[in-house]
Amino acid sequence: MARRILLPVLELAAVLLLVSLGVFLLLSLVPGDPAIAVLGEGRTPQEYDALREQLGLNDPLLVRYGDWLGGVLHGDFGTSLVPPQTSVLDRILSALPVSAQLAAMGLVMALLIAIPLAMWSAYHEGGRADRSISAATFGLLSMPSFLVGLLLIAVLVNTLDLFPRNEWVRLGDGIGGNLQHAFLPALTIALMEAAMFTRILRNDLVTTLHEDFILAARARGMSPLRIMVSDALRPSSFSLVTVLGLSIGRLVGSTVIVEYLFALPGMGKLVIDAANQGNYPMVQGAVLVIAVIYVGSNALIDRSYGLLDPRTRRARA
Amino acid sequence: MLAPEPVRRRDGRTSLALAGAAILVAGLGLAGWAFTTDVVVTFVRMVLLAAGILLAITGLGRLFRGLLGRKVDVVFWLGMAWLVLVLGAALCAPLLPLGNHDDSVAGLTEPIFARPDLGSSHPFGTNNYGLDVLSRAVYGARTSILVALLAVLIGTVVGGLVGMVSGFVRGTTDRVVGILSNALLAVPPLILLIALGSVLEPSVRSIAFALSLLTIPSMVRLARANTITVAEREFVLAARALGAGRVRLLRREVLPNVVLPVLSLAVVMISVLVVAEASLSFLGIGIEQPEPTWGNMIAEGQSGVMEKHPFIVVVPGVCLFLTVFSFNLLGEKAQKRWDPRSAKL
């Protein structure tokens with residue numbers, strides 16, 4: 001029992017430790033001197049030395065890693081190198097809710113689009129609707145998210161003038177304005193995911209619909225909608241949940257791109273700006289936080305199989 | 001009684017071909033009109049263009065079915081034709097009579113934002129530095145596809161070998177490889193690329209290296225899983241009983257059975273990497289201007305340029321879409337044939 005619980009936790013810890021080491025080492029390889037990046041050129045050597053000492057750049061690499069990790073575990077991610085020189089943690093904490101909201105809205109919208117489409121498609125297996133939906137989702141999967149976003153902007157904002165652009169209203173400042181501004185970015189994220197989910201769920205639904213218990217339900221005179229919702233959906237959602245776990249990585253990616261495209265103040269914009277400015281404490285902190293969330297949510301999804309399919313409870317727990 | 005049968009079928013096929021040709025011409029006509037006209041607004045033109053293209057594809061399908069007497073996967077063959085065209089153009093780019101693609105000093109004498117005009121010396125127009133958009137799209141294909149192919153090659157060879165060895169040796173090696181590849185998978189792909197991009201110099205070689213890191217963990221997993229199933233089969237046991245060493249077992253018995261699924265994943269990966277490279281360049285972290293890639297060409301359309309000059313985004317966008325679409329078609333076919341287990345999509 002202890003082994004079953006402890007081993008995955010230890011492995012998770014090892015992976016996270018490796019990630020933190022990787023992130024740290026990677027960014028200590030940055031060409032150029034961070035002290036020069038902060039102060040700019042043309043200061044006295046004493047000033048550079050003082051700053052290097054203050055940033056701990058004169059210590060050996062492993063000592064610096066230990067210091068950084070120790071700080072991180074206490075919630076101290078260091079300070080930003082680029083003005084405003086605020087704490088990295090504060091910046092991350094103010095950016096995280098924006099990204100989390102976008103990703104969550106995107107995911108929910110994707111499921112809202114995908115589940116009915118997949119049901120419709122699977123019910124008319126091989127028919128015209130099925131084939132068109134399959135072609136459309138295949139095409140959509142070949143569109144990078146920034147192209148989808150640009151297309152949506154071109155059609156919905158520039159031509160039809162339905163949505164505002166390039167602004168963000170925080171959730172605290174009124175939920176109506178917030179939703180209005182978040183809708184288009186979230187839709188961009190949702191469309192790609194929806195295409196993937198539709199294909200997966202449709203395939204599993206088609207398999208389920210050929211099973212005997214569906215035939216039995218049909219023989220008892222239940223309506224197609226009722227069969228779909230109450231009998232077929234749950235046994236068919238197994239692959240969908242697996243893909244949900246895999247798609248979180250893509251979800252993070254498209255959230256980053258969408259934030260950049262719509263200039264929203266989330267984690268993606270934070271990382272990209274920091275990467276462009278060589279602001280390495282910021283990149284380190286943000287990448288580590290994203291990796292922890294990502295690994296954690298994947299571990300949670302791994303555990304959720306038991307809820308869907310009782311047969312796996314023992315085998316996977 | 002039986003004699004007229006083939007004639008009538010032949011008749012049906014001719015009329016099918018004729019109808020197909022008519023639909024094809026109508027579709028092409030509609031698309032062409034929508035492409036060139038100024039009468040209706042952009043949005044309606046886009047819808048008409050899409051309808052025209054769909055119509056033309058339907059027509060082409062009927063035409064071939066009529067001519068050949070069997071169903072042809074027109075979309076697949078159109079995709080392959082596009083890939084041949086793009087790869088050919090990318091390979092021969094320096095030999096083609098193309099305009100100026102990256103010399104912004106020479107671009108000073110050219111008109112900026114010239115509208116696309118198929119008859120002029122800039123068939124797809126020029127950008128804000130007076131550089132030729134067609135030429136940039138072709139050279140962009142060169143960079144985009146070169147980077148993706150290089151990365152897939154590195155990823156397949158390294159990931160495939162590591163996965164095979166780890167699945168064959170098992171034990172501690174396997175566990176270490178597992179933790180390492182899990183650590184690589186623990187950072188979302190694009191975030192990993194951005195972190196790498198902030199360190200590496202933006203050149204074709206380093207971007208290809210960064211992208212190959214994305215392919216390695218999934219390659220390792222696939223190769224490992226396949227190796228484990230193959231290694232338990234009787235023919236491996238037989239070879240082992242005959243006295244074959246580990247290297248020989250891996251090379252002669254395991255490799256031939258693992259290579260096809262790995263290759264089919266490699267084909268799928270190409271399109272993923274083309275998108276990843278484009279995203280990176282779009283974010284301004286990948287290949288930098290003035291050297292063109294499809295990603296940074298699309299980025300030129302930001303801050304209001306797209307609204308005034310849609311072709312700046314449309315030309316590289318369509319190239320990117322068609323290429324990814326075609327590689328996806330190819331990947332789907334490859335996976336269905338070589339690795340039916342993982343061809344779930």
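Into which domains is chain A divided?

Author: Chain A is divided into domain 1, residues 2-73, and domain 2, residues 88-312, where the bounds come from an automatic or database domain assignment. Residues are numbered from 1 along each chain as its sequence is written, while chains are lettered from A and ligands numbered from 1 in the order in which they are written. This is a predicted model, in which local features need pLDDT of at least 70 and side-chain atom pairs count only at pLDDT 80 or more, while totals for chains, interfaces and linings use all residues.

Chain A has 15 helices and zero strands (DSSP runs numbered from the N terminus, helices being H or I of at least four residues and strands E of at least two). Buried residues make up 37% of the 317 residues in chain A; a residue is buried with 20 or more other C-beta atoms, placed from the backbone, within 10 Å of its own, exposed with 12 or fewer, and partly exposed in between. If we look at contacts in chain A between residues at least 6 apart in sequence, 69% of them join residues at least 24 apart, a contact being two C-beta atoms, placed from the backbone, within 7 Å.

Where the two domains of chain A meet, domain 1 contributes 12 residues and domain 2 contributes 10 residues. On the domain 1 side, α1 (2-28) and α2 (34-39) of chain A each supply at least two residues, and α1(A) has the largest share of that side, with eight residues. Sorted by class, this side of domain 1 of chain A has 11 nonpolar residues, one polar residue and no charged ones (Ala, Val, Leu, Ile, Met, Phe, Trp, Tyr, Cys and Pro count as nonpolar, Asp, Glu, Lys and Arg as charged, and the others, Gly among them, as polar).

One pair of helices shows how the chains meet. Helix α12 (residues 267-277) of chain A and helix α6 (residues 189-199) of chain B pack at an angle of about 20°, with their axes 8 Å apart; axes are lines fitted to C-alpha atoms, for helices over the stretch in contact, and angles run from 0 to 180 degrees between N-to-C directions. The two helices, α12(A) and α6(B), are therefore roughly parallel to each other, since angles under 35 degrees count as roughly parallel, over 145 as roughly antiparallel, 65 to 115 as roughly perpendicular and the rest as oblique. The crossing of α12(A) past α6(B) is left-handed, that is, the near helix is turned anticlockwise from the far one by less than a right angle, clockwise being right-handed. From α12(A) the contact takes A:Val271, A:Ile272 and A:Ala275, and from α6(B) it takes B:Ile191, B:Ile194, B:Ala195, B:Gly197 and B:Ser198. By class, the residues of this contact are six nonpolar, two polar and no charged.

Helix α12 of chain A also holds A:Asp273, which is partly exposed, with 14 other C-beta atoms within 10 Å. The C-alpha atoms of A:Asp273 and A:Tyr260 are 9.4 Å apart, although 13 residues along the chain separate the two. In the loop between α11 and α12 of chain A lies A:Ala263, which has a positive phi of about 55° although it is not a glycine. Most residues other than glycine have a negative phi. A:Ala263 is partly exposed, with 13 other C-beta atoms within 10 Å.

Finally, helix α9 (residues 212-219) of chain A has eight residues, of which zero are buried, so α9(A) lies largely in the open. After α9(A) comes A:Gly221, whose phi is positive, near 90°.
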